[in-house]
Each structure stands twice: as C-alpha cells, then as structure tokens.
Amino acid sequence: MQPLNKPADDDLDFSSLPPGPFATVAEMHMSRTPSPAREGDAERRAQGLYAAAVRAYETAPAGTCTFVCISDTHCKRTCHHLASTTFGSRLGRAECPTRTVSADGELTLPPGDVLLHAGDFCTHGTLAELESFAAWWHSQTAFCQRLLVPGNHDCALDAQYERETTEEKEELASSERLHGCGVHHHALSLLHRPYIGSFLLFDSGVTTTVAGFTVWGSPWQPAFWGAFNLPRGPQLAAKWAAIPGDTHVVVTHTPPEGQGDYVPRSRARPHVGCEALARELLHRVQPAVSVFGHVHEAAGVSVARCGSGRTTVFVNAASCDTHYDAVNPPIVFQLRRSAEGEAVVRVVGTDE
Ligand SMILES: [Zn+2]
C-alpha cells in the first residue's frame with residue numbers, strides 16, 4: 001500500500017504493522033473528494049471506524065492506553081462521522097443539512113483514555129473562540145486526560161503575537177480590565193487545568209495515568225502565519241532538542257518534513273514540514289508515535305523506520321479539510337508494552 005501523501009519511499013515500511021487497519025485509515029482519508037456518493041461512502045466508513053474504536057477500547061488488554069487524536073478543528077466540533085457544528089453561530093447545523101448529528105446536536109468522540117489535540121482549535125485566535133472551545137474541551141470528561149498544544153491559529157495563547165487589528169487590540173485591553181492579566185495568561189488558565197486532567201503542553205511533558213506512557217508537546221512551527229512561528233534552522237532545532245529521549249508520543253502542531261506534510265500546490269517546497277523535527281524524531285527520540293496537524297491536505301497515517309530500526313507511526317490528525325470543513329474522523333491508536341518493554345502501537349481501523 002502507499003502512504004497517504006507521497007509515493008512509496010525507502011524510508012517507509014509498513015511490514016511490521018498490522019495489515020488491515022492502516023489500509024483502511026489510509027483509504028478513508030484519501031477518498032474524501034466532496035460528492036454525495038463519496039460522502040455517503042466516507043460516512044459509512046467513518047461509522048465503521050467508530051464501531052471499531054469502541055470495540056478496541058472495550059477489549060483492550062490491561063496495560064493498554066487508548067489515544068483519540070484530533071487537530072485543526074478550527075471552531076468546529078468533530079465526531080466519529082462527518083458531522084460538524086460550530087461552537088458559535090457562524091455556521092450552524094442548518095448550513096450543513098446533509099450531515100448527520102444526534103438529536104441534541106452534541107457530537108460523540110470515540111472512547112479512549114487520552115484525548116489529544118494537536119492545535120488550531122481556533123480560526124481567528126480570539127479569546128471568545130478560545131473560551132467556547134474550552135467549554136467543549138472540558139466537557140469531554142470521559143477521557144481521564146486531555147492533552148493539547150496550541151497551533152498557529154491559536155493566537156491568544158502566544159505572548160509574542162503582535163495583535164494587528166483594532167478589534168484584537170481592544171480584546172487585549174478588555175481582557176486586562178476583566179481578568180487583571182493579559183490575553184495570554186487568561187488563555188493559558190482556560191486550558192491548562194491539571195487538576196481536572198487538562199494539560200496544555202508547551203515544551204513540556206506529562207505521563208499518562210493509564211499505563212504510564214510519556215507524552216511531550218510543543219506548539220512551534222516553521223514561520224508561516226499567525227502564532228508560534230520560528231525561522232527554520234537553529235531556533236526550531238533548539239526547541240526539538242528539548243524533547244526527552246524517552247518520549248513515547250510527541251505532539252506538535254507542525255508535521256516533521258516528509259510525513260503528513262505534502263502540499264502539492266506548494267511547488268517550491270511541497271513537503272512543508274519541519275526538517276529539524278524530522279531529524280530529531282527519526283535519529284534521536286524515535287518515539288512510538290508522532291502526532292501533529294497543520295497541513296489539512298495531508299491528514300492520515302504514515303510510518304517510517306528510524307535510524308535504529310525502530311518504527312515511528314506518524315499521525316496527521318487534521319480534522320478539517322482545506323475548505324475548513326471538519327470531515328475527517330478522529331484517529332485512534334493504542335499503546336501497550338511488549339514483553340521486552342518496548343511500546344507497541346496499534347492504529348484502530350475498520351477491518352478487524
Ligand atoms: Zn489548521
């Protein structure tokens with residue numbers, strides 16, 4: 001089978017992975033050209049994936065940690081099928097009548113121990129968007145831990161972000177009046193609430209309460225637009241050098257170069273991911289899983305063999321497509337330990 005986002009490559013090796021699930025996840029993400037027939041097909045597959053995720057969670061052996069990954073939700077709620085609504089009123093259910101949502105409009109994520117969000121929960125990055133997202137995020141109490149990193153659209157979380165418009169500057173001033181602190185601190189306190197299991201990872205890590213796997217998260221990306229930009233080169237490399245070598249799951253907003261980062265229309269540099277991150281992941285950290293988003297057009301799963309022969313699974317969990325429609329189901333993976341103590345990954349699919 002082919003990886004999702006580029007032709008076969010010597011670095012990619014699916015041989016050590018279970019056959020069905022990967023193919024299914026890959027196909028699902030490849031066949032999402034919007035047409036009624038395709039949408040119906042994709043919705044059936046997504047519902048199959050949801051059922052598989054429930055089965056996988058309920059039958060997981062002891063010592064298994066189940067992660068549900070989403071990213072780039074951009075003010076939409078994402079669920080197991082193609083339904084999406086927004087937190088605010090800009091795009092209500094009435095505007096996507098072909099989509100299915102439950103009677104009360106609340107959408108259900110597949111079950112898991114850890115909910116991961118790889119950034120871009122906002123669109124414009126205002127406090128109002130962030131507050132709305134935080135209300136939804138903190139309602140996901142079925143997950144004992146919820147971990148997230150900010151993306152380039154989540155500007156309110158970036159202390160360095162230069163507010164440009166009058167509206168943005170007014171928000172900054174009113175936040176200081178209301179909360180006695182800047183947007184940045186208020187935004188952080190909205191999401192980083194360890195006492196209820198919500199961790200905003202900011203060049204920092206956490207250990208999962210289920211099965212004790214280590215997760216590290218960082219928001220930085222090669223300079224593009226919005227917040228958390230750094231130039232390619234030493235500054236980004238220094239951020240990635242801080243990832244501890246014993247990390248099982250690395251969560252970033254940017255993809256590493258060469259995995260889930262292919263943008264065909266970007267002629268000069270179609271693989272837009274960070275080369276320094278790729279180097280660090282493949283040659284030093286060699287995590288079991290690398291989770292990211294940012295590149296909506298390359299959502300899906302790929303695998304690469306690291307320098308030592310270990311494999312890393314790369315998950316581009318972008319929920320929105322390039323039209324900012326939340327059409328991609330969450331990607332679910334499970335971690336457990338082998339008899340030798342190595343982390344073993346299983347990506348949940350529908351062919352089980
Ligand atoms: Zn995005």
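1. Leaving aside its neighbours within four places in sequence, Gly 217 touches Leu 147, Val 149, Leu 201, Ser 204 and Val 251. Gly 217 counts as buried, because it has 28 C-beta neighbours inside 10 Å and 20 or more is what the label asks for. Val 206 lies 11 residues from Gly 217 along the chain, and their C-alpha atoms are separated by 8.8 Å.

2. Please keep in mind that this is a predicted model. The protein chain averages a pLDDT of 78, and 72% of the residues score at least 70. Over residues 1-34 the pLDDT is below 50, though this stretch still has 72 contacts in the model beyond near neighbours in sequence. There is another such run at residues 78-106, where pLDDT stays under 50 and the model has 59 contacts beyond four places in sequence. I'd read those two stretches with the scores in mind.

3. Now the overall picture. The protein chain holds 7 helices and 16 strands. Of its 352 residues, 48% are buried. If you take the contacts between residues at least 6 apart in sequence, 71% of them join residues at least 24 apart.

4. How do helices H6 and H7 meet? The axes of H6 (residues 234-241) and H7 (residues 275-285) come within 9 Å and cross at roughly 30°. That angle makes H6 roughly parallel to H7, since anything under 35 degrees gets that description. The crossing of the two helices is right-handed. On the H6 side the contact is made by Leu 236, Ala 237, Trp 240 and Ala 241, and on the H7 side by Ala 276, Leu 277 and Glu 280. Sorted by type, the residues of this contact are 6 nonpolar, no polar and 1 charged.

5. Gln 286 belongs to the loop between H7 and E12. Most residues other than glycine have a negative phi. Gln 286 is not a glycine, yet has the positive value. Gln 286 also counts as buried, because 21 C-beta neighbours lie inside 10 Å.

6. His 74 is not a glycine either, and has a positive phi of about 45°. You'll find His 74 in the loop between strand E1 (65-70) and strand E2 (76-78). Is His 74 buried or exposed? His 74 is buried, because 24 other C-beta atoms lie within 10 Å.

7. Thr 66 counts as buried, because it has 25 C-beta neighbours inside 10 Å. Neighbours within four places in sequence aside, Thr 66 is in contact with Ala 56, Tyr 57, Ala 60, Gly 112, Asp 113, Val 332 and Gln 334. One of these, Asp 113, is 47 residues from Thr 66 in sequence and 5.2 Å away in space, C-alpha to C-alpha.

8. Leu 127 is in helix H3 (residues 127-137) and counts as buried, because it has 22 C-beta neighbours inside 10 Å. Leu 127 and Leu 190 are 63 residues apart in sequence, with 9.7 Å between them, C-alpha to C-alpha. Pro 329 is in the loop between E14 and strand E15 (331-337). Pro 329 also counts as buried, because 29 C-beta neighbours are inside 10 Å.

Note on methods: Residues numbered from 1 in each chain as written. Predicted model: local features only at pLDDT ≥ 70, side-chain atom pairs only at ≥ 80, totals over all residues. Axes fitted to C-alpha atoms, helices over the stretch in contact; angles between N-to-C directions. Helix = DSSP H or I, 4+ residues; strand = E, 2+ residues; numbered from the N terminus. Parallel < 35°, antiparallel > 145°, perpendicular 65-115°, else oblique. Left-handed = near helix turned anticlockwise from the far one by under 90°. Contact = placed C-beta atoms within 7 Å. Nonpolar A, V, L, I, M, F, W, Y, C, P; charged D, E, K, R; others polar. pLDDT = per-residue confidence, 0-100. Buried ≥ 20, exposed ≤ 12 C-beta atoms within 10 Å, placed from the backbone.
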